[in-house]
Amino acid sequence: MPDLAAGLAHPYLQNALAGGLIVAVLGAFVGYFVVLRGAAFATHALSQIGFAGAAGAVLIGIEPVVGLLAFSLLGAAGLGALSLRSRTNDVGTALLLVASLGTGALFLALASNFASNVVSLLFGTIVGVDRAQVGLTAVAAACALALLAAIARPLLYATVARAAARSAGVPVVALDFAFLGIVALAAAVTVPIVGALLVFSLMLGPAAAAGCISARPGVALALAVALGAVAVFGGVAAAYETDWPVGFFIATIALLEYVAARSIAAARAGAGRGRATPAA
Amino acid sequence: MAEFFASPNVQAALVASAIVAALSAAIGYFVVLRGLSFAGHAVTDVGLTGGAGAMLLGLDPLFGLIAFSVGAATAVGAFGPRARERDVATGLVLAFALGIGAVFLHLQTKFANAQSTLLFGSIFDLDPALLRVVAAVGVFAIAAIAAMYRPLLFASVAPEVARSAGVPVRALGFAFLIVMAIGVAETAQIVGVLISTALLVGPAATAIALVRDPLRGIVCAMAIGIGVTWLGIALAFASFDWSRGAQSWPVSFFVALLALAAYVAARAYRRVRDA
Amino acid sequence: MTAPASPGAATVAVAFANVGFRRGERRILSRLSFEIKAGEFVGIIGGNGAGKSTLLELVLGFIAPTEGTVRVFGNSPHGTRGLIGYVPQRIELDPDLPLRARDFVALGVDGARFGVPFPNAARRALVDEALGDVDARALAERPVGRLSGGEQQRLAIAQAIVGRPKLLLLDEPLASLDLGGAAEIVTLTARVARERGITVLLVSHDLNPLAHAMDRVLYLADGRAAIGTVDEVVNEDTLSRLYDRPVDVLRVRGRIIVVAGD
């Protein structure tokens with residue numbers, strides 16, 4: 001890797017790694033709850049709903065990220081409303097997702113110019129990240145993490161034992177909405193880096209893989225951060241070497257990590273040492 | 001409006017879209033019952049990548065669509081029947097497939113156009129040979145669902161009891177995923193990936209909220225699916241007038257919105273009825 | 001399809017011969033040998049982890065014994081499709097399930113059959129009969145997901161008997177019911193089984209609700225079993241031997257309580 005070592009001197013690669021690492025850390029912590037709450041589909045939906053917002057922003061001539069964030073948060077509210085009666089509403093999520101995409105299609109059709117910065121929002125432009133964006137990403141990620149830390153304990157309680165938590169005074173419904181809002185924020189932060197379509201790779205994969213290996217939250221979180229970092233480093237390095245899109249490498253590494261973790265967990269269970277974890 | 005419906009292209013579009021709407025509703029009934037909405041949607045996204053990839057290679061996109069869709073369904077099925085693991089697996093398989101799409105896009109920027117076509121469908125541009133294939137696949141898929149109906153319902157409602165009665169629960173689940181993938185791929189070919197997800201879960205979920213028993217529910221879902229699709233097409237046509245002839249709004253937009261509206265309305269009705 | 005068999009008949013419904021079952025390192029059942037005659041109502045009693053569900057799974061053919069043989073009506077468990085009705089431990093029905101009670105019960109008739117389902121008067125008659133047997137005729141058109149736990153339990157029993165099985169297995173049906181509900185289910189099950197000539201194996205961790213209905217009790221502890229009438233089995237000698245530690249058996253106003261001795 002002599003190329004890479006030299007390449008690291010370049011600011012754009014440094015920015016790419018910095019941005020990717022921030023997202024990996026964010027993804028590990030948010031992803032821990034996403035897996036616990038079975039919110040994988042909601043996460044995917046929120047990133048796609050955000051995409052429609054970006055298209056709308058382009059249509060009315062404002063910064064796409066603003067539309068992205070606005071629609072993501074609106075989407076979170078919509079998903080929360082649809083899930084009021086049942087814990088997770090897969091059907092409602094699917095329909096809201098598709099309706100948003102349809103709206104995005106409408107915006108694109110009306111704008112009549114296939115804005116290239118909208119397409120890049122689909123796949124990510126990690127090598128197009130500049131210093132200022134890294135800074136912004138760091139601030140947004142810090143906000144999301146701070147919010148998550150603030151509600152982490154009651155959120156865990158409400159996720160694992162909803163009825164008991166409610167009787168203990170935990171505002172379970174408000175937490176449902178708050179959590180979706182945090183996911184929306186995290187997705188909006190992640191999207192410009194790895195793209196709307198690949199948010200999973202860092203928000204779901206590492207946390208799920210870590211959960212298969214260890215049931216202890218501290219260990220699982222640390223492992224998730226590590227796995228995310230591996231995916232980011234590996235992805236950026238491979239993208240640098242081959243010139244192929246970084247999102248592809250990150251997604252592939254994340255999937256391999258998960259398959260490996262599942263295999264390890266299965267092997268452990270087979271050896272009769274008992275199940276490693278109930279989490280994923 | 002009369003000339004619109006007289007055009008053979010439009011008539012073909014209406015027939016083809018009705019077939020896939022009915023097909024999607026029948027399959028979708030079990031998708032909703034089994035909690036496979038995410039898998040159903042993910043399979044369409046993955047199929048999109050495969051179809052566009054096939055188009056790039058100069059092949060019939062249906063091959064790529066079906067191959068990737070069935071592949072995705074197989075991968076999801078392989079990870080196991082438990083809902084949480086399946087959703088995680090679905091997300092990661094989806095991300096992986098989209099990553100491949102990113103590579104295709106990188107290698108061939110025409111990929112974006114191919115994707116666009118598949119995202120929204122080429123409903124008014126149907127090849128008559130394709131219509132025959134659609135009808136054939138449609139008949140096959142509906143026949144498969146009809147044949148599997150009882151054991152599938154049993155396995156979806158009471159899996160342990162079904163197993164004790166000799167239903168091959170795990171194998172049947174797998175088979176259903178494959179049928180779903182084929183049905184969804186076929187629908188996407190006609191009306192695009194976006195509408196195919198809407199038609200898969202929307203009408204079925206609406207019918208489930210309104211109708212008490214499965215057989216009538218499936219018929220109701222088919223009717224709602226066809227209605228939503230045709231209404232969407234009509235509205236898209238009408239929108240031509242709204243924009244004073246500049247542009248018609250996409251069919252996908254109307255169908256998706258109608259599907260969502262129907263579902264929300266049915267849920268609200270159910271809530272009022274049960275109160 | 002089945003002639004009602006009296007408890008004294010010679011047919012053996014379930015026969016375990018030296019059956020042992022191991023899962024990984026854990027031994028769950030050891031050297032079980034017993035015969036259950038056709039028409040009997042046998043309660044399978046034991047605490048958590050005693051091996052009760054494993055025993056049912058062996059009868060159902062979901063698992064194979066590590067040692068010994070299991071025979072159901074003379075055949076290996078795999079050849080018994082249609083002979084066994086099964087009510088599993090948890091009946092988790094989504095409240096929004098679009099299925100009427102009669103649709104749910106109908107699954108027990110031909111739910112396993114492939115092929116296009118045509119409307120069938122014979123099936124409808126069987127369902128109506130089963131609903132009547134469990135006193136659930138009034139529930140026939142109600143959506144099954146909205147019924148109470150006890151009502152769903154009765155429908156699960158109807159589903160299990162509608163296909164005219166010869167053997168009925170119930171896994172902890174009383175666990176989530178109150179005392180009144182438990183008594184009702186036991187009485188109902190005993191009556192239906194007697195009328196239809198069905199052999200019953202009912203798993204429970206508490207034998208008291210079953211005491212008046214069962215012919216014999218199969219008491220499981222640490223994978224070992226003792227079978228006989230309540231008086232034969234539920235006494236200090238037999239249970240102390242079974243548990244391999246001192247056991248006290250107390251009778252309090254008609255109820256039996258088994259506690260660990262000093």
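**Contacts of chain B, and the fold of chain A**

The contact between chain B and chain A takes 41 residues from chain B and 39 residues from chain A, two residues being in contact if their C-beta atoms, placed from the backbone, lie within 7 Å. On the side of chain B that touches chain A, two or more residues come from each of helix H3 (37-56), helix H5 (83-107), helix H6 (111-120), helix H9 (169-210) and helix H11 (251-274) of chain B. Helices (H or I, at least four residues) and strands (E, at least two) are DSSP runs, numbered from the N terminus. H5(B) has the largest share of this side, 18 residues. By class, the side holds 27 nonpolar, 11 polar and 3 charged residues; Ala, Val, Leu, Ile, Met, Phe, Trp, Tyr, Cys and Pro count as nonpolar, Asp, Glu, Lys and Arg as charged, and the others, Gly among them, as polar.

This is a predicted model, in which local features need pLDDT of at least 70 and side-chain atom pairs count only at pLDDT 80 or more, while totals for chains, interfaces and linings use all residues. Residues are numbered from 1 along each chain as its sequence is written, and chains are lettered from A and ligands numbered from 1 in the order in which they are written.

Chain B also meets chain C, with 23 residues of chain B in contact with 23 residues of chain C. Helix H7 (128-157), helix H8 (159-164) and helix H10 (214-242) of chain B each supply at least two residues of that side. H7(B) gives the most, 9 residues. The side divides into 16 nonpolar, 3 polar and 4 charged residues.

Chain A itself has 13 helices and 0 strands.
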